[in-house]
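Colleague: I have a structure open and would like to learn how to read its features. Could you walk me through a few of them?

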Amino acid sequence: MTIEARGVVKSFGAFKALDGVDLKVANGELLALLGPSGSGKTTLLRIIAGLEWPDAGEILFDGENALDRGARERHVGFVFQHYALFRHMSVFENVAFGLRVQPRSIRKSEAEIRARVKELLDLVQLDWLANRYPNQLSGGQRQRIALARALAIEPRILLLDEPFGALDAKVRKELRQWLRTLHHEIHVTSIFVTHDQEEALEVAHRVVVMDKGRIEQVGSPSDVYDSPATAFVHGFIGESIMLPVEVAGGSVHLNGRPLDLAVDGAATGASTLFVRRHDMVIGPAGSGTLDGAITHVRSFGPVQRAEIALAEGAATIEIDAPRDRELRIGDRVGLKPRQYRIFAG
Amino acid sequence: MSIEMTLHRTRVTSAERSHADKLATRDPRAEPSLVRIAIIALAIAFLSIFVVLPLIVVFAEAFGKGLLAYLSALSDPEALSAIHLTLLVAVVSVGTNLAFGLAAAWAITKFDFPGKTILITLIDLPFSVSPVISGLVFVLLFGAQGFFGSWMQSHDLHILFAFPGMALATIFVTFPFVARALIPLMQEQGTQEEEAAISLGASGLQTFFRVTLPNIKWGVLYGVLLCNARAMGEFGAVSVVSGHVRGETNTMPLLVEILYNEYQMVASFAIASLLAMLALITLVAKTVLERQIDEDLPHDH
């Protein structure tokens, strides 16, 4: 099923949670809504589910107006951030809930319900927990039960709110791969909300980056990482070095010193230079480079991280350099960005 | 893995506890033992004089002339009528306030609407008004010179000095209990489980009976218990509207006073002993329920 949002606006009192959001989600896609807290991503998810109503705008499922229908009729599987498992029901009854509350005319028989629940618990590999209660489960187990419960109603859309938010780092990594595999198996159009860029980039087919109730960029993980559309996206995704520069007369100046960088269409005036940490190449100090002295070096993993105090006290920045070259504290170096972007402001 | 973790956790807590025990001996906040003994003795003395002693007196007086006198006092037609009336008033007011309390707590905790704070304040009103005033309100409304008085007389309706008036006064005095027991519990539990139920296709009623009610059942019982204790024990408000018609509009607390004023000590204290037993049972049940409610609160943070 395809999902489309058109000009969705939603305010909570004076706070504008969504400020005109347009989005199309393709059938069978796994999409991530990524943004800092307060960016409106959860509100958008709840509006799609019918748990919240927009002040203006449209939501279309397969081209049909979804706002005509309440949450109950939308057939959307929703996985809550804190799982919202029914605490007084066993795992089995939690998963069976959506089947048991169906109108009598279409309700499955008890035997069919049991078979379906068993099938779902097998799918999330937790059939051995059927008789436990939610408070006897670990976070990762609750997460998977919540997912099985949402899938029980054979939803046309699966929505997950911060699905891994409350889990520890190791479980999070496992579940990420598991979710991707599961989506591959069931192939339901799915949207998940996250503030964790690694999660979004690793799991989703496409990533929607949001800030202050607006969509900043929609694209594949490599799109948003390699060609960020806005200063916000560049700063939010990946680790970026940001330096205030002045663009004038076709060249870029840092603290009045010209840098050997092409301007390629950036507006003149005060701007910000964005460079990924690993895109800074260390060379000899000279004209047109960012000159500075190494103040600190730490080596771990495949890289060494150097802290460099730029000349004239412009800023202190951290860069990631390959480990093939020894860096010493006090060395004077010149940095040249391999890839960079300049955004006005 | 989870078992291992639980074991580990238990070990840590017991280690922490013994560590804490050691610390307690030189806890800078701990009072010298003499002071501690004095404070505890004071508390016990106070409780004995104001709670335990009166309780003993009630039962001593009730059984002062033997078990037979006690039983015959209780089987007196006037006493039986008072017990009957008290139970009836309690059933009606607890039933009404159960429905009202559930509705109010549901509305307050699951929805946002204008005037919510006013409603919360109004629910507490009976706690801050003297019961006598609560009774007088109904006299002013339904009395012969009251607001509805002449209309009621012309339609031959009797509310004051009859069962309906006593039930109304009791309902008014006891209406905060169920709502008050449920609001904090339901606030703590939030609305996520209800949202989950609705997104799974449950109707409003299914959501209420399958998700909300099971989560708050101990809280409901707790509210009903306190509401019932107050309904059976209410004196002031009921006294104003009852008219004290013997054998007809006397509840147990009212009868206790009448019999006492007539120096019928055994009869008076026999009825009082029933009320005292109600209080004791309520106390025990309350403790049990509080433990159950604690288990229903979300702990999974």
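Modeller: Gladly! Let's begin in a loop: A:N255 sits between β12 (251–254) and β13 (257–259) of chain A. Strands here are DSSP runs of E with at least two residues, helices are runs of H or I with at least four, and both are numbered from the N terminus. Residues are numbered from 1 along each chain as written, and chains are lettered from A in the order written. This is a predicted model, and local features need pLDDT of at least 70.

Colleague: What is the phi of A:N255?

Modeller: Most residues other than glycine have a negative phi. A:N255, though not a glycine, has a positive phi of about 55°. A:D62 is not a glycine either and has a positive phi of about 50°; its place is the loop between β4 (56–61) and β5 (64–65) of chain A.

Colleague: Is A:D62 buried or exposed?

Modeller: We count other C-beta atoms, placed from the backbone, within 10 Å: 20 or more means buried, 12 or fewer exposed, and in between partly exposed. A:D62 counts as exposed because it has 12 such neighbours. A:N255 has 14, so it counts as partly exposed.

Colleague: And why does A:V333 count as buried?

Modeller: Because A:V333 has 21 C-beta neighbours inside 10 Å. A:V333 lies in strand β19 (residues 332–337) of chain A.

Colleague: Which residues does A:V333 touch?

Modeller: Contact means C-beta atoms, placed from the backbone, within 7 Å. Leaving out residues up to four places away in sequence, A:V333 touches A:I282, A:A285, A:G292, A:I294 and A:I308.

Terms used
This is a predicted model: local features need pLDDT of at least 70, side-chain atom pairs count only at pLDDT 80 or more; totals for chains, interfaces and linings use all residues. Two residues are in contact if their C-beta atoms, placed from the backbone, lie within 7 Å.
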